[in-house]
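I set down here, entry by entry, what I looked up in this structure. The order follows my own reading.

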Amino acid sequence: MLAVGKPVAILRRPSDQPGSPRRSLGKILAGLERSVNTRKTQTALETRISLVLALASQAFSQTQRVLGDLAAESAKYAIPRRFEPRNFEEALMAVPDLETVTFRVVKQTDQYVIREVEPYCVAETDMPGKNGFDFNGASQAFNLLAAYLFGKNTLSKQMEMTTPVYTRKVRSDGEKMDMTTPVITKQSGEKWQMSFVMPRKYGSNLPLPKDPSVTIKQVPGKTVAVSAFSGFVTDEDVKRRESKLRDALNNDAEFQVKSGAMVEVAQFNPPFTLPFTRRNEISLEVERRTI
């Protein structure tokens, strides 16, 4: 029996003592658990941050590409190219840096240039009205061709714009004459036709127009006499310049106007171009004189 009033000694196992190995192991395990939970939280946060940064980088890259494409397209108009000028008027002319027909200059005079033009494909449509340079008729025809070029075709494919736009007459019996690049307007009786030159990279694999009033044709190679002029084009101006070009070619000892050749007009610039910097060309198909 224990004596009353005397302190009782309580014995503890060594493992229950402060600082014992068992107690230290528990603290270590608890610390590891807290560390793992913290690490999981940090990993999730880091994942979210990485995702946000990746999306931001992708959006920035896409924006750079869009801005780069826009700058490249704008530069074609803001930094135009120029033909070799024959006089001061031509020195002021500039054309957009767009694809055009391929040709080689074989002769040059003060009044005209003789070119050998390679074959090319065009999209063409009839123009309403009796005049080749009527604003309303030209606008309607241009819009039809532009719609085809920018996706209204069997492949819904957007193609690149080319230059120039051609306007051309044909025989009154309806026989169509060959066109040149890139937008061409022809006359069949009282009808005119407008044509866009198609990008060369498509070759014969051009998509078909959805609008039946637009047709695709291949223009064979030809030799043409070309005279450039500035300003806005009118029907009266075309008649006067055609007569002047025919007269000049009558005196050419090497080339003559091909029988049945009809005048063709090329316009290189968008409507907002200043008149004195616009480049237009009037041309007639020619052939070498026989000795």
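Entry 1: I began with Thr163, which is found in the loop between α3 and β4; helices (H or I, at least four residues) and strands (E, at least two) are DSSP runs, numbered from the N terminus. I note that this is a predicted model, in which local features need pLDDT of at least 70 and side-chain atom pairs count only at pLDDT 80 or more, while totals for chains, interfaces and linings use all residues. Residues are numbered from 1 along each chain as its sequence is written, and side-chain values use heavy atoms, with hydrogens and water left out.

Is Thr163 buried or exposed? I found Thr163 buried, with a relative accessible area of 3%; buried means under 20%, exposed over 50%, and partly exposed in between (1.4 Å probe, protein chains only). The side chain of Thr163 reaches the backbone oxygen of Phe268 at 3.0 Å. I recorded this as a polar contact, that is, a pair of N or O atoms within 3.5 Å; within protein, one must be able to donate a hydrogen and the other to accept it, and residues adjacent in sequence count only if both atoms are side-chain atoms. Thr163 and Gln267 are 104 residues apart along the chain, and I read 7.8 Å between their C-alpha atoms.

Entry 2: I then looked at the peptide bond between Thr163 and Pro164, which is cis, with omega about 5°. Pro164 is found in the loop between α3 and β4 (165-168). Ser156 lies in the loop between α3 and β4 as well, and I noted its positive phi of about 50°, although Ser156 is not a glycine.

**Entry 3: two further threonines.** I located Thr109 in the loop between β1 (103-108) and β2 (113-117). Thr109 is partly exposed, at a relative accessible area of 21%. Its side chain reaches the backbone nitrogen of Gln111 at 3.2 Å. From Thr109 to Ser227 I read 9.8 Å, C-alpha to C-alpha, across 118 residues of sequence.

Thr273 lies in the loop between β10 (264-267) and β11 (280-288). I found Thr273 buried, at 14% relative accessibility, and its side chain reaches the backbone oxygen of Pro270 at 3.0 Å.

**Entry 4: rings.** How many aromatic pairs are there? I found one aromatic pair, under the rule that rings of Phe, Tyr and Trp (its six-membered ring) pair if their centres lie within 6.5 Å; planes under 30 degrees apart count as stacked, over 60 as edge-to-face and the rest as tilted. Phe142 and Phe196 form this edge-to-face pair, at 5.1 Å centre to centre and 70° between the planes. Phe142 lies in helix α3 (residues 135-149) and Phe196 in strand β6 (residues 191-197), so the pair ties together parts 54 residues apart in sequence. Phe142 is partly exposed at 32%, whereas Phe196 is buried at 0%.

I also noted Arg115 over the face of Phe103, at 4.2 Å from the ring centre; a charge sits over a ring if NZ of Lys or CZ of Arg is within 6 Å of the ring centre and within 35 degrees of the ring normal.
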